[in-house]
Amino acid sequence: MNIITPTADGSNTLYNETIGEHYHSKHGALQESKHVFIDAGLKFASTNQDEISILEVGFGTGLNFILSFEYCAENNIKLSYTSIEAFPLTTTIIEQTGYAAYVSEEIWTSFISNYPEALKGPQKLSPLCTLEIPYTTLAEYRGNKKFDLIYYDAFSVQHQPEMWSDEIIAHACSFLKPGGTFVTYAITGKLKRAVKACGFNIEKLPGAPGKREMLKAVKGM
Ligand SMILES: C[S@@+](CC[C@H](N)C(=O)[O-])C[C@H]1O[C@@H](n2cnc3c(N)ncnc32)[C@H](O)[C@@H]1O
């Protein structure tokens, strides 16, 4: 059962009763998504690029996706977005988040009307944007495609430790191109060592409100 819950910046998140955790930071869902994934991830990785491919771990409500879609649309960047999701939410609960308020009506309508089909295969949401949500676990996800950027947005290590093991991090990182970027809201010594072991240069950045630091890592060429 997922319950809509307000966060400190006025945006909503969901509380997942089974896992015992929120989908986003209680200090601000919208702020966290913008800070970690858009500002530290997408803006960095798309500098001087006119196209970008993103692999997200944990599609959830689609907040990271809609903000990425809008940023790319505004900046004329072609976006190919693949987001692995093991437990897809219903369209109804996604609509109840109120996230329609954070993007243009055109972007929201295109997202929400294509969401069910995107769980079955790639959907073209606009001339510049394709969305695919493989309905599987990260561990079972396979594919030949390599990505420019990974948004690692799993539930926290306290609630889902298996999503932060060295093996699963290496598996996720194997889908990144050389020179590609990995961002996540979390940072621990174990995570840094796991990412470094995959040949990444790591950077600690100031975290979103409520977190001191976050991790950005760039894969060696
Ligand atoms: C922190 S939430 C993601 C929030 C999301 N990015 C958003 O903007 O709403 C973590 C997500 O990971 C999904 N998940 C849990 N276990 C998973 C697994 N083994 N593989 C892929 N996704 C998983 C959950 O269902 C949940 O949607």
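**View A. Strand 4 alongside strand 5 in this predicted model.** Strand 4 and strand 5 (residues 78-84) run parallel, and seven bridges join them. Now follow the chain from strand 4 to strand 5: the path goes through helix 2 (residues 63-74), making a right-handed β-α-β crossover.

**View B. Strand 4 meets strand 8.** Strand 4 also pairs with strand 8 (residues 147-152), again in the parallel sense, this time over four bridges. Look for Leu55 here, whose bridge partner in strand 8 is Ile150. How many residues of strand 4 (residues 51-57) are buried? Six of the seven are, so this strand is mostly covered. As a handy reminder while you look, side chains in a regular strand alternate between the two faces of the sheet.

**View C. A look along helix 2.** Helix 2 has 12 residues and reaches 17 Å from its first C-alpha to its last, close to the expected 16 Å. Like strand 4, helix 2 is mostly covered, with 10 of its 12 residues buried. Among the buried ones are Leu63, Phe65, Ile66, Phe69 and Tyr71. Just past the end of helix 2, check out Asn76, which takes a positive phi of about 55°.

View D. An unreviewed UniProt entry places the feature "domain: MnmC-like methyltransferase" at residues 106-219. What is the chain like over residues 106-219? Here you'll find 26% helix and 32% strand, and the end C-alpha atoms sit 35 Å apart.

Note on methods
Residues are numbered from 1 along each chain as its sequence is written. This is a predicted model: local features need pLDDT of at least 70, side-chain atom pairs count only at pLDDT 80 or more; totals for chains, interfaces and linings use all residues. A residue is buried if 20 or more other C-beta atoms lie within 10 Å of its own, exposed if 12 or fewer, and partly exposed in between; C-beta atoms are placed from the backbone. Helices (H or I, at least four residues) and strands (E, at least two) are DSSP runs, numbered from the N terminus. Two strands pair if DSSP finds at least two bridges between them. A crossover is right-handed if, with the strands pointing away from the viewer, the path from the first strand over the helix to the second runs clockwise. UniProt positions are given in the numbering used here, feature names are shortened, and annotations may be inferred rather than shown by experiment. The expected span of a helix is 1.5 Å times one less than its number of residues.
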